[in-house]
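I opened this model to look up a few local features and the contact between chains. My entries follow in the order I made them.

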Amino acid sequence: MTLAVQHLWLIPALPLAAAAVGALAPRSGRTLAAGAAIGAMAGSFILACLALAGALADPAAHQVFNFAWFDLGFGALRLGFLLDPLTAFMCVMVAFVSLLIFIFSTGYMKEDANYKQFFCFLSLFAAAMLGLVVANSLLLLFVCWELVGLASYLLIGFWFHKPSAAAAAKKAFITTRIGDLGFLLGLLWLQDNQGTLLFYDGGAGFLEAAALANLSHLLPCGLAVSTAIGLLIFCGAVGKSGQFPLHVWLPDAMEGPTPVSALIHAATMVAAGVFLIARVYPLMTADQALANVPVHALTVVAFIGAFTALLGALIAVAQNDIKRILAFSTVSQLGYMMLALGVGSWVAAIFHLLTHAFFKALLFLGAGSVIHAAHHEQDIRALGGLSKKMKVTYLTFALGTMALVGVPLLFSGFWSKEAILHAAHGWRVSHLPFYAAVLGVVLTAFYNTRLMAETFFGSPRSENAAHARENGPAMTLPLVILAACAVLLSLVNLPSYPWLAAKLLGEQEVRGHPIFEGAGLMGLSVVLVALGVGLGWALYGRSLRANSAAKDPLAVRAPGVIAALANRLGFDELYAATVGRLNAALATLADVLDRFVWGGAVDFLAALGQFTGLVTRETDERTLNGGFDTTSDKLRGAGQAYSQAQTGEAHGYLRTLALGFVILLLLVVLGGAR
Amino acid sequence: MNALPCTIYVAFTGALLALVAGARSAQAARVVALLTALTVWGLTLYAASGFVPAAALQDLINIPWIPELGIRYHLAADGISLTLLVLTGLAATTGVLFSWNIGERVGEFFALYLALIGGVCGVFLSADAFALFVFYEIAIVPKYFLIANWGSTNREYGAMKLVLYSFAGSALVLAGVLWAYAAADGAGFGLAQLAEAATRFTHVQQLGMFALVFTGFAVLAGMFPFHTWAPTGHVAAPTAASMLLAGVVMKLGAYGCLRVAMPLFPVGFAFFQPAIAWLAIAGILYAGFVALVQEDFKFVIGYSSVSHMGFVLLGLAAANATAAGGAVLQMFSHGVIAGLLFAVVGRMVYERTHTRQLADLRAMPLHRLIPFAAVVFVLAGLASMGLPGFSGFPAELTILVGTWQTRPLWALAAAGGVLVAAAFTLRAIQVSFFGKVERVEVNAHHLPPITWPEKAGALLLLGATIYIGLCPDALLDWIRPALRSPLFHALFTGGAS
């Protein structure tokens with residue numbers, strides 16, 4: 001049994017319905033809201049599996065179902081759904097991870113007064129995210145893209161009574177919207193250029209050969225049109241996926257509840273940028289055949305990705321908040337995915353996206369389990385000794401860490417990272433990104449060793465950590481399942497049997513490489529991981545931290561560097577001092593202009609009008625009336641009374657009116673005379 | 001369709017009845033007003049149900065009025081008028097609901113209110129420049145009294161400023177129309193006749209007339225830099241008047257630009273087109289930035305209105321069927337969303353807390369005291385930001401797509417407005433409803449609960465913005481054929497570059 005493409009909309013519709021149930025349920029309807037959310041997600045997961053079966057039946061096909069949304073005046077704006085292996089794998093992953101995180105949340109959010117809303121927002125997010133994945137139109141994708149941004153805003157700011165959470169929510173929304181602006185412009189350009197925003201449309205979609213040929217002409221600046229549009233769309237991905245220079249929002253987003261961080265800011269939404277670029281990959285590569293252009297779109301993607309991968313890993317070294325460390329690690333890993341896209345291996349990017357989703361969700365949920373048990377203590381310096389108190393959390397967290405670090409052979413993260421390193425090594429344009437990636441591997445191993453050592457080993461360094469107890473099955477069961485996935489997922493894409501890659505590329509047959517091919521590179525990365533872990537253990541593992549106030553051994557050796565890294569290299573301050581300042585200055589300037597210049601001009605005119613009125617009135621009294629008075633005096637008739645009636649403002653107004661009428665008449669005459 | 005002229009008569013009759021009923025009891029006046037507004041709305045919907053879109057104005061009534069001057073009482077409608085009439089009906093109905101608590105001189109309030117509605121309906125239906133002008137004036141006068149008598153902060157100043165601006169604008173329009181009338185030499189005031197005669201005007205005449213008429217109307221549409229009446233006027237006005245002001249009266253200006261200034265003087269329009277587009281873009285960004293630092297809640301909304309009307313003007317300036325269709329859609333969308341925002345700020349918040357200072361509101365746990373208002377405001381704010389699912393998204397998207405066809409640079413510059421809108425809206429949402437709560441005891445503030453008329457009004461407006469957001473063709477199917485009429489066709493093929 002498979003799910004046909006015309007029924008694909010059911011996958012996002014189920015959680016949307018659950019969100020509606022959550023919104024309409026009374027405040028006390030906690031079980032109802034959570035039950036609807038989990039039930040809908042389970043349904044979506046089953047449907048996604050059926051869709052995957054349908055996609056795998058013919059992996060090379062792009063099954064579409066298109067329909068018109070509204071008419072733009074020169075043709076209908078069409079939206080649609082798409083079913084191919086990329087969509088199907090993403091659907092299954094999103095639905096499955098969401099389901100587990102929903103279950104985890106029933107435990108984690110148990111005491112929260114707004115429990116019902118939480119599930120409503122989560123369902124809304126899942127609906128938008130699944131909609132994004134099944135879209136066959138850049139516009140529908142953009143619509144869902146905005147909606148996941150909204151859900152992310154609502155969930156980061158879920159504890160809005162904390163000023164930091166409210167600020168983080170706003171920062172996330174605005175920062176990602178800066179990227180979205182580029183996305184929107186790329187979309188408008190594409191619409192104007194192609195007249196369609198459908199990906200695939202039986203040969204007429206913009207990702208198909210006919211359209212791509214139209215996009216290769218050069219702009220006056222030397223870039224190909226496809227490069228320009230591709231880079232604009234990439235701006236959206238930079239914002240959403242926390243790439244440099246828009247990465248600043250993602251660590252702050254950790255103000256949200258931990259399940260939110262796991263689902264939205266680690267596994268799914270932040271990976272949407274990677275998915276987007278993979279989805280429009282034919283557009284991104286359309287300029288590759290052109291030799292005489294200054295830059296190819298993918299080259300930019302590769303460098304941004306590599307730089308972000310290194311930057312995130314570096315900053316993660318000096319963070320102390322367990323969630324911030326993981327957040328910067330996410331920034332870094334997303335950089336790896338972008339790097340893979342940039343060097344031409346979108347399949348490696350998607351493989352890493354999928355493995356990362358599982359092991360990073362696992363790590364965040366593990367962190368959530370720790371935080372929940374340790375009464376919301378998030379500073380790793382104040383934790384410690386949890387390996388004995390929270391066995392399940394400890395073991396699963398360790399598995400997740402090993403996957404992230406890339407411990408060889410057994411762990412999914414090893415294979416997906418290996419694929420990326422391999423692709424980067426083979427990139428002809430430059431070797432710099434490869435070196436950055438290699439350095440990143442060492443750093444990743446290093447900071448994760450530190451994280452493990454400080455959190456779980458030694459003895460508790462605070463009251464909260466000392467009282468920590470393992471959580472209930474609602475929280476530990478998802479950890480176990482995710483941990484299993486973090487290990488087993490490596491089986492789907494072993495170099496000797498790259499099933500996933502073959503399906504994604506639309507090949508029926510799976511052709512593997514001999515295991516020793518690329519063994520040199522694999523050996524190198526094993527050495528690098530060992531080096532990172534060794535360094536980390538030497539600094540943090542051998543002599544464990546004595547108390548929460550003790551100095552960090554690395555900060556003792558290089559205080560300046562660590563302080564700068566702890567401060568995230570000052571990006572936030574830099575932006576506040578430049579963009580923030582400029583924005584505030586513009587706003588103030590505009591306000592002042594409005595109050596004093598435009599407003600002033602109007603008030604001046606009004607004052608001038610009053611003044612004229614006063615003058616005319618005075619003239620009236622003195623000269624005209626005076627004249628009348630003298631005449632009346634002389635005539636001694638009814639003139640006196642007559643002139644009395646004519647004093648005052650009414651007269652002045654009438655006069656102005658008459659003057660206006662004369663000018664008008666003159667204009668009319670002038671016009672008529674021609 | 002033939003029911004449409006009745007909207008004018010019903011509104012005026014309702015105004016008289018409200019005055020009479022108000023002398024007996026306030027409740028009677030309210031009921032009369034609500035029934036009148038509902039009838040007006042019902043008539044527009046009834047007309048819409050039987051509406052067959054056509055590429056021309058469909059005559060409704062056409063009789064001599066002042067034959068000596070060639071003035072006719074000529075009413076006609078097309079999809080554009082119909083869209084705006086439906087909006088007027090909706091705004092009128094919800095406006096009455098949000099004025100249910102008015103306690104002072106209720107009869108007079110609703111009489112003026114309904115007279116304003118009648119004038120507005122007249123403008124949207126007029127096919128004769130003189131008749132249009134007369135209705136336009138009828139719509140302006142009650143505004144002054146509504147604000148000056150029932151307004152709040154600085155009401156006399158706001159009312160005066162607004163009326164002076166309006167009269168200055170209408171003086172320009174009158175001058176331009178009279179000039180055209182004189183130059184057309186006996187063609188009368190009919191819009192079609194004037195347009196026909198205008199083809200024989202000289203270049204200079206076209207430029208001059210266009211500048212006068214367009215500027216006159218654009219003042220009321222809140223075009224930068226003639227927008228300063230809007231924020232002060234909105235702030236001073238009572239809730240229902242702000243709703244009508246932003247929701248409908250600003251549309252009168254934009255409608256005048258589209259119906260009178262542009263098709264009558266295409267040569268003049270072509271000359272000024274870039275200037276209008278850049279002023280529109282300036283308005284979008286400038287008003288957005290001003291909104292970012294306002295401390296009075298209503299000022300934030302007032303400036304956001306100016307910013308959104310910038311999109312309407314940009315759509316008109318881009319001069320193609322797509323952008324202009326988007327502009328009309330945006331008129332509807334903004335009418336609904338601005339109405340909703342003003343309703344929350346003016347009625348639900350201000351009349352309970354008696355403050356609109358964001359600094360004061362920040363200290364109140366409003367989301368707990370009046371959760372309904374908080375939810376409505378968040379939704380309206382999202383709509384105002386142009387989030388998908390609400391009417392602002394298809395409207396602004398269509399405008400940007402169309403503008404890109406004419407000049408990509410304009411679309412590029414205007415798209416920045418989307419970002420600014422997000423910034424000031426989020427600020428307003430967070431500061432006003434979701435301020436720092438932990439310091440304040442909830443019991444310290446006792447606010448009266450949200451009443452049923454407020455709920456009904458908010459739900460009507462929310463329903464409208466979501467319905468059009470999901471299904472913009474419901475309106476675009478009326479609007480698009482109208483934009484294919486010969487007059488517009490000539491404008492869009494000749495005017496655009």
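I started with A:His376, which counts as exposed because it has 9 C-beta neighbours inside 10 Å; the cut-off for exposed is 12 or fewer. I kept in mind that this is a predicted model. A:His376 sits in the loop between helix H15 (346-373) and helix H16 (386-389) of chain A. I looked up its backbone too. Phi of A:His376 is near 65 degrees, a positive value in a residue other than glycine. Most residues other than glycine have a negative phi.

I then turned to chain B. B:His354 lies in the loop between helix H13 (321-353) and helix H14 (358-362) of chain B. Its phi is near 60 degrees, again positive in a residue that is not glycine. Is B:His354 buried or exposed? B:His354 is exposed, with 9 other C-beta atoms within 10 Å.

**Cis peptide bonds**

Next I went through the peptide bonds. Most peptide bonds are trans. The bond joining A:Phe244 and A:Pro245 is cis, with omega about 5 degrees. I placed A:Pro245 in the loop between helix H8 (225-240) and helix H9 (249-252) of chain A.

Chain B has a cis bond from B:Phe224 to B:Pro225, where omega is near 0 degrees. B:Pro225 belongs to the loop between helix H8 (203-221) and helix H9 (229-236) of chain B.

**Helix H1 of chain A**

I checked the length of H1(A), residues 10-24. Its 15 residues should span 21 Å at 1.5 Å a residue, and the end C-alpha atoms are 21 Å apart, so the two agree. Which residues of H1(A) are buried? I listed A:Ile11, A:Pro12, A:Leu14, A:Pro15, A:Ala18, A:Ala19, A:Val21 and A:Gly22. These buried residues pack against helix H2 (30-57), helix H3 (85-108) and helix H4 (115-134) of chain A.

**Helix pairs in chain B**

I took H1 (residues 4-24) and H2 (residues 26-49) of chain B as a pair. Their axes come within 7 Å and cross at roughly 175 degrees. H1(B) and H2(B) are therefore roughly antiparallel to each other, as the cut-off for that is over 145 degrees. Residues of H1(B) including B:Val10, B:Gly14 and B:Leu17 meet residues of H2(B), among them B:Val32, B:Thr36 and B:Leu43. By class, this contact of H1(B) with H2(B) has 15 nonpolar, six polar and one charged residues.

H4(B) passes H10(B) in a left-handed crossing. From H4(B), B:Tyr113, B:Leu116, B:Val120, B:Val123 and B:Phe124 meet B:Ala240, B:Leu244, B:Val248, B:Leu252 and B:Tyr255 of H10(B). I sorted this contact of H4(B) with H10(B) by class: 10 nonpolar, no polar and no charged residues.

**Contact between the chains**

Last, I looked at where the chains meet. I found 41 residues of chain A in contact with 47 residues of chain B. On the side of chain A that touches chain B, strand S1 (63-71), helix H5 (138-156), helix H6 (163-194), helix H26 (571-635) and helix H28 (649-673) each supply at least two residues. H6(A) gives the most to that side, with 13 residues. The residues of the side of chain A that touches chain B divide into 25 nonpolar, eight polar and eight charged.

How values were computed
Residues numbered from 1 in each chain as written. Chains lettered and ligands numbered in written order. Predicted model: local features only at pLDDT ≥ 70, side-chain atom pairs only at ≥ 80, totals over all residues. Contact = placed C-beta atoms within 7 Å. Helix = DSSP H or I, 4+ residues; strand = E, 2+ residues; numbered from the N terminus. Nonpolar A, V, L, I, M, F, W, Y, C, P; charged D, E, K, R; others polar. Left-handed = near helix turned anticlockwise from the far one by under 90°. Expected span 1.5 Å × (residues − 1). Buried ≥ 20, exposed ≤ 12 C-beta atoms within 10 Å, placed from the backbone. Axes fitted to C-alpha atoms, helices over the stretch in contact; angles between N-to-C directions. Parallel < 35°, antiparallel > 145°, perpendicular 65-115°, else oblique.
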